[in-house]
Amino acid sequence: MGALRIGQVDHTVVDRIQENLNMTFPRTTCVLIKETFPMPEEAFDSRRKQYRSDIILAKMEELAEKEKTLERILGIANVDIFVPSLNFVFGEAKCPGKAALISLHRLRPEFHGERPNTELFMERSSKEAVHEIGHTFGLAHCGNPFCVMYFSNSIFDTDRKQGVFCSKCSMKIEKIMDTLE
Ligand code: ZN
Ligand code: ZN
C-alpha cells in the first residue's frame, strides 16, 4: 500500500503512520508516494469551510487505478473533512476498496483547546489510519469500544480505543489476508 500526502502534511507524522501500518499489517508494506497530491479544489465547501471527503476519495480512486503496483492508498490530509450527513469525519474509506483517507485536523490536542502533545497526536493519527485501512480490507465497524474498528464519533472515542484489532476483528482480517494470498 502507499501513503499519499494530500496538500501540505508534516513528514514525521507520515513516517509514524507508515511504521505503524507496517507493524499492524505485516503481510503488506506501506511505501511513501513521493509526489504530494494537490487538494482537489472542488472538494471545498465554502459555506461550511470544510472539504468533502467523498470527493477527495473519488479523486484518490482515480489515482489508485493508475498506480497499478499499489493495492491500496491511504490519503493523509491536514484540512477538516466531512460527509454531507455528518458535521465532520476523522476519515473515510471504501469498504472494501483501494482508497482510504484520514484528516489530521481534529487529532491535534490544540484543536480541542489542549496543550500540544506530539506523542498523543501521533497515536491518534496511527489509530485512525489503521481504522480506515481496516475498512479497505472489508472490515466493518466493531461494537467493542476498545477495538481500533470502533467508530469514532468524538476524540474521546479515538483516545479510548486501542490502535489494534480486537480478537474478533483480528480473526476476520487474518481470514481476509489468507484469501488475498
Ligand atoms: Zn469507520
Ligand atoms: Zn473489533
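Leaving aside neighbours within four places in sequence, which residues is Thr28 in contact with? Before I answer, a word on the model. This is a predicted model, in which local features need pLDDT of at least 70 and side-chain atom pairs count only at pLDDT 80 or more, while totals for chains, interfaces and linings use all residues. Residues are numbered from 1 along each chain as its sequence is written, chains are lettered from A and ligands numbered from 1 in the order in which they are written, and side-chain values use heavy atoms, with hydrogens and water left out.

To return to the question, Thr28 is in contact (heavy atoms within 4.5 Å) with Met1, Asn22, Glu71 and Phe137. Thr28 sits in the loop between helix H1 (11–24) and strand S2 (31–32); helices (H or I, at least four residues) and strands (E, at least two) are DSSP runs, numbered from the N terminus. Thr28 counts as buried because its relative accessibility is 13%; buried means under 20% relative accessible area, exposed over 50%, and partly exposed in between, with a 1.4 Å probe and protein chains only.

Let us turn to Glu71. Glu71 is found in the loop between helix H2 (53–66) and strand S5 (73–77), and is partly exposed, at 35%. The side chain of Glu71 reaches the backbone nitrogen of Met1 at 3.3 Å.

Finally, the metal. His131, His135 and His141 coordinate the zinc ion (ligand 1), each through NE2, at 2.0 to 2.1 Å; donors are N, O and S atoms within 2.8 Å of the metal (3.2 Å for Na, K and Ca), and sites may look incomplete because water is not among the atoms. His135 is buried at 9% relative accessibility, whereas His141 is partly exposed at 43%.

How values were computed. Polar contact = N/O pair within 3.5 Å; in protein donor to acceptor, adjacent residues only side chain to side chain.
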